[in-house]
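Let's walk through a protein model together, one feature at a time. Ask whatever comes to mind, and we'll look at how to read it.

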Amino acid sequence: MTTRHFRSRSLRVAVLGTGAQAGEVVRIIAESGDELSARAGARLTLVTDAADLVVDTTATTESLGAVLGALRAGRSVVTANTALIASHGAELMSAAEEFGADLCFEAAVAGGVPVVRPLTQSLSGDRVREVLGVFAAADAHAAAILATLAFHTRVEVTDVHFEEFGVAPAHDLAAADALSLRLRQLTVCTRISEPEDGGKEWISVRVHPALLPAAHPLAQVEAPFSAVTVDAEGAGRLMFSGRDATRATASALLGDLVSAARNRVNGGRAPRASYYAELPVAPFGDIPTRYYLNLRVTDHAGALAQVASIFADHAVSIERVRQEHHGDEAHLIVLTHRARESALADTVDALTDATCVSAVLTRWRVEGAPVTG
């Protein structure tokens with residue numbers, strides 16, 4: 001390969017971190033440096049300090065000082081540090097803007113899954129309605145970043161409702177499967193519109209176990225893969241997927257590195273996240289979604305009618321009911337239409353007190369396309 005395209009300029013690259021990702025980045029630069037340099041338009045040279053470009057592969061916010069210092073010195077930063085971007089993204093982006101540097105973080109959201117650029121560039125002229133994600137390690141930090149980018153609103157980690165993914169009962173998984181539903185630990189970022197309230201808009205940002213229709217593309221995703229779907233008014237549903245692994249994350253880091261280097265060579269700048277919308281985060285009790293409930297009930301005439309009456313009393317509409325028997329126990333599997341979280345919580349409280357209900361065994365939210373059939 002000829003090197004005449006980049007010999008006229010050299011850019012120094014420093015790598016923060018000593019883990020597997022750092023090692024993979026260093027290895028690829030060492031083995032494919034000429035090719036990367038040709039793409040960047042400048043010779044990329046690894047150094048230990050005073051770099052033009054900084055690659056941050058750390059996993060905690062302890063690198064805040066080093067990253068902030070680099071940006072304030074006019075050095076562009078590429079990072080895979082999810083916690084850092086979620087907790088200090090606004091401060092870092094402000095520093096990058098003030099001192100003429102780039103802050104690139106494609107690898108900080110879903111490893112090797114390219115979703116940051118589509119949200120900040122490809123869909124910048126569209127209106128995003130919902131972002132759903134299935135990650136090998138779903139957390140509130142990634143959800144906060146996705147919602148910030150999708151809805152042009154600063155979302156803090158504390159705004160994200162988070163529930164751990166526990167052990168799912170085998171009989172519920174079987175019942176869900178019979179209804180063509182699949183359980184996933186889901187990241188949900190949704191725009192909520194209220195036409196009856198003058199078109200007021202909220203956003204909901206949460207991470208929790210949820211059922212998806214088996215036909216939904218995220219229902220097919222299994223570890224070690226991660227995936228994100230983005231629903232936008234113009235583009236419709238888009239899906240981005242990839243392997244959640246060290247090499248994939250290193251690939252995303254190097255993609256950002258080449259982009260930052262090109263900008264440095266050509267005088268360009270990376271797109272900035274915008275916060276102009278300032279949409280409020282909806283109170284959790286006001287979030288509308290569908291639900292799956294497994295009720296253990298007494299097996300006698302009138303039980304189903306009593307259960308249906310309780311749902312109706314709390315303005316929660318039933319979409320489907322499935323009755324099952326497990327030994328001497330009778331179970332009602334109930335799928336609801338969309339209802340507010342607070343209404344469902346009140347319904348569960350009333351069901352718990354009802355004489356016909358022995359226990360509310362399982363409650364899962366149902367996301368994605370409506371259940372049919």
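Q: Where does arginine 154 lie relative to the ring of tyrosine 275?
A: A charge sits over a ring if NZ of Lys or CZ of Arg is within 6 Å of the ring centre and within 35 degrees of the ring normal. Here arginine 154 lies over the face of tyrosine 275, 4.3 Å from the ring centre.

Q: Before we go on, what kind of model is this?
A: This is a predicted model, in which local features need pLDDT of at least 70, side-chain atom pairs count only at pLDDT 80 or more, and totals for chains, interfaces and linings use all residues. Residues are numbered from 1 along each chain as its sequence is written, and side-chain values use heavy atoms, with hydrogens and water left out.

Q: How many helices and strands are there?
A: Helices (H or I, at least four residues) and strands (E, at least two) are DSSP runs, numbered from the N terminus. The protein has 10 helices and 16 strands. Its C-alpha atoms fill a box of roughly 85 × 45 × 35 Å along the principal axes.

Q: What share of the residues is buried?
A: Buried means under 20% relative accessible area, exposed over 50%, and partly exposed in between, using a 1.4 Å probe and protein chains only. By that rule, 50% of the 373 residues count as buried.

Q: What share of the contacts joins residues at least 24 apart?
A: A contact means heavy atoms within 4.5 Å. Take the contacts between residues at least 6 apart in sequence: 74% of them join residues at least 24 apart.

Q: How many disulfides does a search find?
A: A disulfide is a covalent bond between the sulfur atoms of two cysteines. The test used here is a pair of cysteine sulfur atoms within 2.5 Å, and the search of the whole structure finds zero. As for individual cysteines, cysteine 189 is buried at 0% relative accessible area, and cysteine 356 is buried at 0% too.

Q: How many aromatic pairs are there?
A: Rings of Phe, Tyr and Trp (its six-membered ring) pair if their centres lie within 6.5 Å; planes under 30 degrees apart count as stacked, over 60 as edge-to-face and the rest as tilted. The whole structure has one such pair. Tyrosine 292 and tryptophan 364 have ring centres 5.3 Å apart and planes at 25 degrees, so they count as stacked.

Q: Which parts does that pair tie together?
A: Tyrosine 292 is in strand E12 (residues 288-297) and tryptophan 364 is in strand E16 (residues 357-366), so the pair ties together parts 72 residues apart in sequence. Both tyrosine 292 and tryptophan 364 are buried. Tryptophan 364 also turns up among the contacts of alanine 168, along with Leu173 and Leu183, once neighbours within four places in sequence are left aside. Alanine 168 is in the loop between strand E7 (161-162) and helix H7 (170-178).

Q: Where does helix H3 bend?
A: The bend at a residue is the angle between axes fitted to the seven residues ending there and the seven starting there. H3 (residues 82-99) bends by about 85 degrees at histidine 88.

Q: What do the buried residues of H3 pack against?
A: The buried residues of H3 include Leu84, Ile85, Leu92 and Met93. Among the partners of its buried residues are helix H2 (64-72), strand E4 (76-79) and helix H6 (140-151). After H3 comes glycine 100, with a positive phi near 70 degrees.

Q: What does the side chain of glutamate 367 join?
A: A polar contact is a pair of N or O atoms within 3.5 Å; within protein, one must be able to donate a hydrogen and the other to accept it, and residues adjacent in sequence count only if both atoms are side-chain atoms. One of 2.7 Å joins the side chains of glutamate 367 and arginine 206. Glutamate 367 is in the segment after E16, and it is buried at 5% relative accessible area.

Q: Is histidine 152 buried or exposed?
A: Histidine 152 is buried, at 15%. Its phi is near 50 degrees, a positive value in a residue other than glycine, and it lies in the loop between H6 and E7.
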